[in-house]
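Please have the sequence and the structure at hand while reading.

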Amino acid sequence: MSGEITSTERSRLNFERAQAVIREFEGGFVDDPKDPDAATNFGITLRTLAKWRAMPVTKRDVMGMSYDEAKEIYFAEYWSKCLCGSMPGPLALPVYNVAVHAGPGTAGNLLRRALSQNGAPLKSAGMIDDDTIIAVAKAPLPSLTSDFIDLYEAKLRASPHFTQFKSGFLRRVAKLRIETETWLAELDIEKPIMPPAKSDNDGVTVTLTREDLIAEILKLLPALSAGSGVAPDITSQPGVAAPGSAIPKDQADAIAVILRQIVGVKGAPDMRLEGVSLDELFSGVSSSSNDEPGQRMNVWVSNAGESEQSQLLVHRAYILNFRVGEAIDSSLIGGPLTLIPRADIPEWGLDTDWVVVTHGCELRPLSPETKVTDELVGGVRTWSARFPLRVPQAGNSDLRQLQIKPLHVDPVVNVVVTVRNELYRQFKIHLSVLDEPIAVHQAPVRVESDVMPTAPGHLGLSPPHEWMTPNGRLSITVIGSQAVVAGNINGTQISSTENWLGVQARVTGPIKNVRAAAEILRATWEDHFNDIPADDLNTRLERWGKSRDRKTRWGGPEHSWSALQDWADEAHHEHWSRMARSKELRYLAQCGRQMFVSFFPNGENLNDWLASLPPSARLDVSWTPASGQGYIPHVPWGLMFTGEIPPETEAIDPMGFLGLRCRLAYTSHISRKSASRSLGSPADTHRAHLLYWNTGRNDQTGQEASWQRTSWKRWDNQIFVPETLQNPKAELLAVLERPAPTPMSVLYLFCQCNAGAGNDPVLRFGSTNAPADTVRQLELGSSPLTDRPFVFANACTTASADPYMANELEEAFFNRDCRAFLGTETKVPIVLGSRFASIFFHFFYRELDPQPMAAGEAVTQAKLFLWTHYRNIGGLFYCHINQYDLFMATQKEVENLRS
């Protein structure tokens, strides 16, 4: 018939359709400067183009190649060589994809393996030939296509580059699955993902249940979240998304395809789920499926008979139960944060420690493993219970029980969970307690301030080197008027609940005094703080760790902080000798000491423990809004001075300041998301440097910004903003609002800042105070930071604030879901700030050591570097907030640090 198309025309039509998919994967011109032969355009390499044209070509030739020529190369060298025109389109697409991605030979090998799995074994391996095409014609097309893609995905997962390119690899596989299933459906050859209804030997019909359908969707969703490259966090517990939260369009369309396949609808109208909430889609489905990929944390109230309580009464005794394992319907806590993935639980189990604190309920132990104490705190009787709980990989943990007797209506129970002295979970449970029974149903609880500082799989990390390992650790988690303390100091294990005296009325004066003293020191000794010659610093960084020869004085890792190396020259020694005995440094130490004893009075355990922390120990302080009344948004912990002030004739020991003596981890913002410690490796992510743009000769800030551009431009994936001076503010605001390109792991701001009391920060990127040169709080951006980057605001007072109010600059970024923030406690000398940033980035970006280094550790090492090389204590002006353990590393690299 004249209307029919020839096999050649069919082949070309199928090629055009497949090529449209492939083009999405291959992109445009790319040139890796590290590889002279790596220039590609539309996925065609320099070597492939030279072979096609049968003549030498240059990178310029690759760049100038037209897309039409690229398509002809693809058609001849990949589509035709793999005989894709002789295959059905749904199979030709994935085969052609593998030929392009991994070579025609690999495509042939995978196709032969897929044929073997479908009853058509072939003897030979290698290129696709006529025998292969004959076998394809006899094989069940849907199964053959699916098996081929499975083999391709397995090959990608086995690749040594899978961790680096995981997101792109899985998006490619997901796209292939969707396109091939759509193509099969158009040919009326649909392959149900689950078997349709069938009969067993007794003739009984077996039907597909709604729960089965949901289970299959949940299994497939991680591979179908192609839009973001991140699996949606709903596979662990259906329906936990906020009510009314809509499924993204790309996921909605993917789910629609799955639904059509599962129910076996052919020619059905287009089903779209866009705008449907997860709660509506998964409503009524139990969250305790046998396929659930982890263990659930459960806390529930019962009476002696173990039945659920819907009403609690004052002065009646109940049982508060704690168990991890199978989900409990009556659990007081829920949501994705209650899940501990089985992959994150060691074979022998995960050891957790629980602390329960309340002054609204009387607690009594009901098991020998549980210890309960009560004491007066601020004149209020407070109960504290502690118990260990080992979480098994499968099955239920032991049950821990407390007798709980409410003393008044609506008491609050605080719960803190730690793993190896690390804060893992913190939440409050508000019990709805009545004076007398009522007929109307009363919800027994509500949970608030649910905090998960760390993803469970990223707990228990061990630094990659001995010199990064703390010499002891102390963790302080503030809960209202008490602090949960855990740690190990000089071989002594500490597990205690202590009075917390850091109330605003008591500590506000000392906090303001220490900041004022730091500003006096900065202003008086600014020349010394800025005395870090650029060339000298670059040389020391280049040779750091490569030689410890005392004659060359290039430095290296510090293994013992009790005997730190001294690499400073005579001029810096002389400057430091005068500063060490100066009245300005003495005044800072005195104010730091006053602040220390105002928080931790003499005679209190916390005073003794902090004063006895050995050099290089780690101090973790978690004080967030979840702590309750009395919360102070920011405390300059590093400026506390824990030692005694020596006589005026003696020098001040800088290691008396907590910021130099310890590795200081400070958590002050709540993260309601599972907090991964991976930002992605430097090779996989981008870092945006938003730099001051005035370049006048007499503008020191502008000169330092130029130096940073020149010094860091050799690093991969660096984005410098602005690129031009035509409209620098507009360019900067665009990046602040929606950082690009993605993924964006770091946002660095180098400018001038006036934070005032913290409530109205102004960032100045130019030489004037005009709107064209300044960025105010409301211009910082409001949309969520999708990649949740690390933010370094390198300007004056970017972290400081009045004790009664939050720093709005810092808050602006945390409200947008940044993971950590590095800022300054006071004004910072311009050159010092520029040099500190360079040292920090050299450590954090893995330029000095190839192993991953935590952001907090990079701050610590930058402070040490300044001290050991220049006798400069300017690192005290910097404060790292939230997620000390945040790495420029892949998820796999972080998991490999687990001991």
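Contact here means that heavy atoms lie within 4.5 Å. The structure described below is a predicted model.

## His101 and its surroundings

His101 is found in helix 5, which covers residues 89-102. When neighbours within four places in sequence are left aside, the residues in contact with His101 are Tyr152, Leu156, Phe169 and Arg172. With one of these, Tyr152, there is also a polar contact, made between the side chain of His101 and the side chain of Tyr152 at 2.7 Å.

His101 has a relative accessible area of 29%, and because buried means under 20% and exposed over 50%, the residue counts as partly exposed. Phe25 is 76 residues away from His101 in sequence, while the C-alpha atoms of the two are 9.4 Å apart in space.

Five strands form an open sheet in the order 8-5-7-13-10, and their pairing is antiparallel. Strand 8 (339-341) and strand 10 (361-365) stand at the edges, and each has a single partner strand, so one side of each is left without a neighbour in the sheet. On average, and with direction ignored, neighbouring strands of this sheet are turned by 25 degrees against each other.

## Where strand 8 joins strand 5

Strand 5, made up of residues 294-302, runs antiparallel to strand 8, and three bridges join the two.

Technical notes
Residues numbered from 1 in each chain as written. Predicted model: local features only at pLDDT ≥ 70, side-chain atom pairs only at ≥ 80, totals over all residues. Heavy atoms only, no water. Pairing = 2+ DSSP bridges. Helix = DSSP H or I, 4+ residues; strand = E, 2+ residues; numbered from the N terminus. Axes fitted to C-alpha atoms, helices over the stretch in contact; angles between N-to-C directions. Buried < 20%, exposed > 50% of the residue type's maximum accessible area, 1.4 Å probe, protein only. Polar contact = N/O pair within 3.5 Å; in protein donor to acceptor, adjacent residues only side chain to side chain.
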